Amino acid sequence: MIHLKKSWRSPSRSPAELFSHLVVWLCASISVVTTIGIIAVLCKEVFAFFSHVSLWEFFTGTEWTPLIEPRKFGIWPLISGTLLIGLGASIFAVPIGAITALFLSEYVKGTPRIILKSVLEVLAGIPTVVYGFFAVFFITPQLQKFIPDLDTFNALSAAIVVAMMIIPTISSISQDAFEAVPKYLREAAYGLGARKYQVATTVVFPAALSGFVASVILGFSRAIGETMAVTLAAGATPRLTLNPLQSIQTMTAFIVQVSLGDTPAGTIEYQSIFAVGLVLFLMTLGANLVAQWIVKRFQEKYR
Amino acid sequence: MMSWWDKVKSASVKTAGILALFISLLCLGFLLWDVFSKGWNTLSWDFLFRIPSRRPEEAGIKPAILGTLWVMTMTTILAVPAGILTGIYLEEYAQPNWFTKFIRINIANLAGVPSVVYGMLGLAVFVRTMGLGRSVLAGAMTMGLLILPTIIIATSEALKAVPDSIRFGAYGVGASRRQVIWYHVLPEALPGILTGIILSLSRAIGESSPLILIGALSFVTFAPQNLLDGFTVLAIQIFNWAGRPQEEFHHIAASAIIVLLIVTLSLNTLAIFLRTRMSRRKEG
């Protein structure tokens with residue numbers, strides 16, 4: 001079979017065939033050009049940015065006031081705001097996503113499983129600006145009944161809606177990982193007299209742990225890149241805090257804030273969004289690469 | 001025989017599962033209920049065909065709907081062929097070497113890049129360097145790049161699922177590679193590709209941050225007439241209204257959300273329906 005495959009993949013030399021080969025190759029190169037473009041654009045403006053601001057100030061400063069005098073460019077308030085949303089959303093979404101995935105994969109079969117999974121995907125299909133609206137006009141007023149000193153814009157309600165957004169990511173990838181656990185492992189456990197819940201919690205879950213971890217990392221990466229919901233709900237106050245009841249600002253929300261103000265190119269404000277964008281890009285890229293590496297290791301385990 | 005302790009643990013695992021599912025569904029229910037209860041009264045046919053106004057009771061979403069249509073049509077024209085052809089390259093043409101591997105990893109990572117970063121790319125390259133300005137074309141090109149990885153991955157998965165026997169059969173009767181792909185492999189993979197395209201378009205319709213980055217205007221009272229006109233889209237209109245202090249604007253924001261949700265959720269349902277039918281056909 002391998003021999004056959006090789007022979008039918010050998011390229012024909014007719015001009016029409018070569019032309020189609022060229023066309024599909026050119027299309028494939030768009031994605032490479034896009035990556036190069038993103039990195040080039042970010043780096044170009046970031047170099048300009050760091051000719052005005054020292055690296056030391058950017059990475060150690062604890063105040064971020066690029067739009068008002070005296071201008072300070074310490075990235076940490078934005079990073080803490082972003083992490084507050086990312087970690088806060090994970091606290092809600094990881095247990096719910098994991099338990100949902102395990103339940104759907106081990107306890108629900110056939111049509112109900114497909115229906116429930118599809119309904120969960122509806123959560124992923126709702127535009128993020130709608131989540132922002134829901135956070136500001138429903139979740140925050142409801143929470144304020146229990147937490148009177150909650151700010152109008154706060155990290156908590158933003159984290160809750162971001163959690164709603166990433167639950168489908170976590171549960172759907174985890175469910176695939178749980179379902180990919182070989183049947184013989186389950187059967188061996190049943191053969192030893194294990195109960196269904198024991199198979200689920202002590203055999204299937206540990207066997208698919210890496211897939212689950214990858215889903216959590218991907219969910220986290222989505223959470224920190226989320227833009228519209230946190231722009232609407234979390235506020236515009238860059239603040240180095242881990243208190244979720246206060247108004248904060250994430251990296252993405254800062255980028256949107258500056259672009260809404262129609263900033264001319266070449267100014268330090270314009271360059272600062274690219275500096276923040278590069279940090280965000282590197283954080284999500286790092287998270288995605290780690291997740292891919294974990295998934296790859298997992299796939300090889302049962303081959 | 002189950003001991004009572006076993007029974008408790010078994011029941012609590014099951015309860016936790018049902019509870020977790022219930023919480024998600026409850027959140028979804030609250031969201032839909034909240035939006036419909038706030039926006040239903042101000043939603044009317046008139047609302048769809050009026051232009052935005054400083055007075056909420058006279059405002060409508062006509063330019064936003066037309067802007068969304070313009071941008072999405074152009075995005076589809078730009079991204080769908082390129083995405084499908086890239087998928088074909090990866091599955092049917094590429095040799096298994098380091099370059100192909102690099103492209104695959106690259107695409108997987110592009111799919112994870114936050115949408116706001118695509119907006120920065122669009123702003124620097126399409127709006128400024130290429131001089132397209134804050135136009136429909138610049139918006140559609142940015143959106144196109146954003147959804148390209150999703151379409152490529154969906155195409156790639158769908159092509160992988162086509163059995164090799166179909167390719168061998170076609171080659172066996174003397175078809176060229178182009179004919180094999182066009183007449184035999186693509187039709188077989190089409191439902192899968194279509195599902196991916198619909199899902200990515202549904203995502204793009206609700207996406208607003210890249211368009212805000214490239215400077216789509218939030219107060220537009222006209223519909224775009226050509227590709228280089230300024231524009232607004234539904235999601236940005238919602239963002240704009242939701243951010244105003246007056247409560248009346250929040251109600252019309254909710255009405256616009258209902259319109260947006262009807263569109264995106266119908267597209268999602270269509271995609272899920274297609275996918276379910278596909279998997280049934282494969283099993284059956």
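Guide: Buried means under 20% relative accessible area, exposed means over 50%, and partly exposed lies in between (1.4 Å probe, protein chains only). This is a predicted model: local features need pLDDT of at least 70, side-chain atom pairs count only at pLDDT 80 or more, and totals for chains, interfaces and linings use all residues. Residues are numbered from 1 along each chain as its sequence is written, chains are lettered from A and ligands numbered from 1 in the order in which they are written, and side-chain values use heavy atoms, without hydrogens and water.

Visitor: Why does Cys27(B) count as partly exposed?

Guide: Cys27(B) has 22% relative accessibility, so Cys27(B) counts as partly exposed.

Visitor: What makes Cys43(A) count as partly exposed?

Guide: The value for Cys43(A) is 28% relative accessibility, and therefore Cys43(A) is classed as partly exposed.

Visitor: How many disulfides are there over all chains?

Guide: A disulfide is a pair of cysteine sulfur atoms within 2.5 Å. By that rule the count over all chains is zero.

Visitor: What makes a set of residues a nonpolar core?

Guide: Its members are buried Ala, Val, Leu, Ile, Met, Phe, Trp, Tyr and Cys residues, joined through side-chain atoms within 4.5 Å. The largest such core here has 177 residues. Among those with the most contacts inside it are Ile38(A), Val129(A), Phe274(A), Ile61(B) and Trp241(B).

Visitor: Which residues does Val129(A) touch?

Guide: Contact means heavy atoms within 4.5 Å. Leaving out residues up to four places away in sequence, Val129(A) touches Met228(A) and Leu232(A) in chain A. In chain B, Val129(A) touches Ser208(B), Ala235(B), Ile238(B), Phe239(B) and Leu260(B). A second, separate core has five residues, including Ile217(A), Ala287(A), Ala291(A) and Ile294(A).

Visitor: Where are the domains of chain A?

Guide: Domain bounds come from an automatic or database domain assignment. For chain A, that assignment gives domain 1 (12–52) and domain 2 (65–301). Their C-alpha centres lie 30 Å apart. Nine residues from domain 1 of chain A and ten residues from domain 2 of chain A make the contact.

Visitor: What area is buried between domain 1 of chain A and domain 2 of chain A?

Guide: Buried area is the accessible area (1.4 Å probe) that two parts lose on being put together, summed over both. Here the value is about 910 Å², with 87% from carbon and sulfur atoms. On the domain 1 side, Leu42(A), Glu45(A) and Phe49(A) lose the most area, together 60% of what that side buries.

Visitor: How many salt bridges are counted between these two domains of chain A?

Guide: A salt bridge is a side-chain nitrogen of Lys or Arg within 4 Å of a carboxyl oxygen of Asp or Glu. The count between domain 1 of chain A and domain 2 of chain A is zero.

Visitor: What does the domain assignment of chain B give?

Guide: It gives domain 1 (1–39) and domain 2 (45–283). The C-alpha centres of these chain B domains lie 33 Å apart. The area buried between them is about 550 Å², of which carbon and sulfur atoms give 80%. Val35(B), Lys38(B) and Gly39(B) supply 67% of the area that domain 1 of chain B buries there.

Visitor: How many residues of chain A are in contact with chain B?

Guide: 81 residues of chain A are in contact with 88 residues of chain B. The area buried between the chains is about 7300 Å², and carbon and sulfur atoms give 74%. The rule finds three salt bridges across this interface.
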